[in-house]
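Visitor: I have this one open on my screen and would like to go through it. Can we take it piece by piece?

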Amino acid sequence: MAAINKKEAIVLAIDVGKSSLQLDSDGKTYFEKSKFCVSMILKRKIFAESKDYLALILFGSSHTNNHLSHKGCYDNIEIVTSLGIVTWDLVKHINSLSSADITPSNWLNTLVLAADILKKETEEKIFKELQIVMFSNLEADVSFDKLNIIASCLKTQNINLTIVGKHCEVLSLNPKLETFIMETEATAVNFNSVLPKLSHYKQKEVTPRAWNIPLSFGNVFNIRVCGYKKIDESAKSLKWLLCKNYDTEDSITAMKKHTTYFYIENSEQIQVDREDIIDGFRFGDTIIPVSNLDTDAYSYKSGPRCLQVLGFTKAKNIQRSFLMDGGSYIFKPHKEDIVPFKVIFNAMVEREELMIVRKIYLNNCLPTIGAMFPQREDTENTEHTPNILHYFVCVNLPFAEDEHLFKLPSLKSFKPNCEENNAVRNLIDAMDLDKDGNELFMPENTHDPELQYVYDCIAQKAINPNKLLTKTIPEPIQSLLNPPKRIMEKSKQTINEIIKIFSLQQEKYEKCLVEDNNILQFDCDEETDFSKQCVITAFSPIEDFNKLLKNGFNSVIVCENMKHITLDLIESSTSMEDLEKPALNLKVLREFYINNNDIKSYNNLMYLVKDSVLISGKEGMWSQFVDSGIGLITNQEIEISDISQELSEQFMKHEVLQDVTAEFIIDDDDPLKEFL
């Protein structure tokens, strides 16, 4: 089947005459707004890698350059470029434009010229659509004697006309302009409705490809479905291509790469061939070699691609916290399997159940478990009659290894009063994004500020390659990072009430070290400079700790880094053997703090260690872990300690974390039971 042609032919016409210098309601001229809109249209086409053909016409110009000028009534109209692919040179030309103080600015003759360009330059070519976009306030006086002929010409060539400048209701106050818009079936919009849509860059459109797969119910029967990836995180990295258009043969030097491999034996480097090298994994101090045969042996073979139904479960059993990232798919039935698809669909809706499936996208790819949600969508077909679409939405579910249990502090100890409750409720009501019926931050209308900023930087360097990038973030991108103005205005009073009632204060922490009963304080700048060089690795933390202290590094910074690496090791551990290394770290810190009479710092650290062990779900390891000689420093051991033996024994105890899964009642015969 032949590919569908989506290419368009567009003529952009800009009024640069005297009438374009009029000020709009916001104090900017029509020329400035037209210039910005056209520049953004061109840049959006470039970043979207559009194949559309564009032409540019300036009317009211101080130059006359068009193929109809010999007829005498097409003066002050300049054709900058004929139909072709958009280039950065054209964007540069737009940015360098300046308005001309020329009285004649005949926009109607420009319209005739633009239609003639589309007619002549699109012959023997196939375009999806022909468009003329004119940026003008239509203030210049023109003759409408041949209006019927112009309108007939536009309809015959199927040319769509869009006028950007003033709203249709404003133009309709002039009877002649109203007749012109009706006869040509033009669309008239003002800049206020166009600028928000053109203020953001557009990515390249990708045609979705169907994943044709049978939805198998064991060995009973199959339903053929087509899957489409509906939502997925866009790639932040751009594909850069090396351009040699401006290089000469002398300036291009071929680069040759050569890699050699060595190993050290008796302080000598011995070269090794690439064929004699195999991969290896490090476990502790042991390096385990792994050959290609070993890799093939332990590689998981998931089998052929499939979409297999494992069973059904009540919708209430799949909480929103179970839904994983990785994109979501929609599955619609094959045209010959619509009947069985709708039977399964209706049964799931009636019983309020979901489908649990096992999905393998390609042969021997890692399998995923997903939940199929039945969804309906009301649409209209080509005959404008109501049509209901039935499809499944598939979202990934976690495996047992993906689930983490956390013991979080209870909020029952804090009971807000009536005034505090009302203040928070008022804040939520004031910041409600859907209170006016127009939901904000919907995915289809919310742009990625990081990607928009990257595009803006590329555009700056393409237009001015020798100029440094501006440090200020453009207003359209800055607006994506800030709350909407109307939301902040509505919530201003409630935010002041929150501040008044709760009196929030920011705590400041000062790091200090006690030596010889003198407190030594260090400012943040000094800490930042030293921390760049003070590094403690997870491979040998104790050796790094002692080496840094021996080399004269700031002991406060060294101890802080040792604390961070110890807490990271505790959180990433999965067994008691993994906790041996952080236990040794704590022993070294304990000894250091005792020698420096800084008992309080170590005891405070141990409370953080206990929270880290319990919150990460290692309650069963706590007693054995703390018994390894890393307990609190009591006043029986060091007199200056404020921890008694009774507090130390209480610290050694812990509460058993209740099983979270016990809160969910799942039938024994429920297929979901084996996955939770």
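Visitor: At what angle do helix H15 and helix H16 pack, and how far apart are their axes?
Guide: This is a predicted model, in which local features need pLDDT of at least 70, side-chain atom pairs count only at pLDDT 80 or more, and totals for chains, interfaces and linings use all residues. Residues are numbered from 1 along each chain as its sequence is written, and side-chain values use heavy atoms, with hydrogens and water left out. Helix H15 (residues 541-550) and helix H16 (residues 555-572) pack at about 170°, and their axes are 10 Å apart. Axes are lines fitted to C-alpha atoms, for helices over the stretch in contact, and angles run from 0 to 180 degrees between N-to-C directions. Helices (H or I, at least four residues) and strands (E, at least two) are DSSP runs, numbered from the N terminus.

Visitor: What does that make H15 relative to H16?
Guide: Roughly antiparallel. Angles under 35 degrees count as roughly parallel, over 145 as roughly antiparallel, 65 to 115 as roughly perpendicular and the rest as oblique.

Visitor: Which residues meet there?
Guide: From H15 come Pro-541, Ile-542, Phe-545, Leu-548 and Leu-549, and they meet Ser-555, Val-558, Cys-559, Met-562 and Ile-565 of H16. Contact means heavy atoms within 4.5 Å. The contact residues are nine nonpolar, one polar and no charged. Here Ala, Val, Leu, Ile, Met, Phe, Trp, Tyr, Cys and Pro count as nonpolar, Asp, Glu, Lys and Arg as charged, and the others, Gly among them, as polar.

Visitor: And H15 with H17, at what angle do they pack?
Guide: About 25°, with the axes 9 Å apart, and H15 and H17 are therefore roughly parallel. On the H15 side, Pro-541, Ile-542, Phe-545, Asn-546 and Leu-549 meet Lys-581, Leu-584, Asn-585, Val-588, Leu-589 and Phe-592 in H17. That contact of H15 with H17 divides into eight nonpolar, two polar and one charged.

Visitor: Switching to rings. How many aromatic pairs are there?
Guide: The count is 20. Rings of Phe, Tyr and Trp (its six-membered ring) pair if their centres lie within 6.5 Å; planes under 30 degrees apart count as stacked, over 60 as edge-to-face and the rest as tilted. One of the pairs is Trp-211 with Tyr-329, which is tilted, at 6.4 Å centre to centre and 55° between the planes. Trp-211 lies in strand S7 (residues 211-217) and Tyr-329 in strand S14 (residues 328-333), so the pair ties together parts 118 residues apart in sequence.

Visitor: Are Trp-211 and Tyr-329 buried or exposed?
Guide: Trp-211 is buried, at 5% relative accessible area. Tyr-329 is buried as well, at 10%.

Visitor: Which lysine lies over the face of Tyr-53?
Guide: Lys-7 does, at 4.9 Å from the ring centre. A charge sits over a ring if NZ of Lys or CZ of Arg is within 6 Å of the ring centre and within 35 degrees of the ring normal. The charged end of Lys-610 sits over the ring of Phe-651, 5.1 Å from its centre.

Technical notes. Buried < 20%, exposed > 50% of the residue type's maximum accessible area, 1.4 Å probe, protein only.
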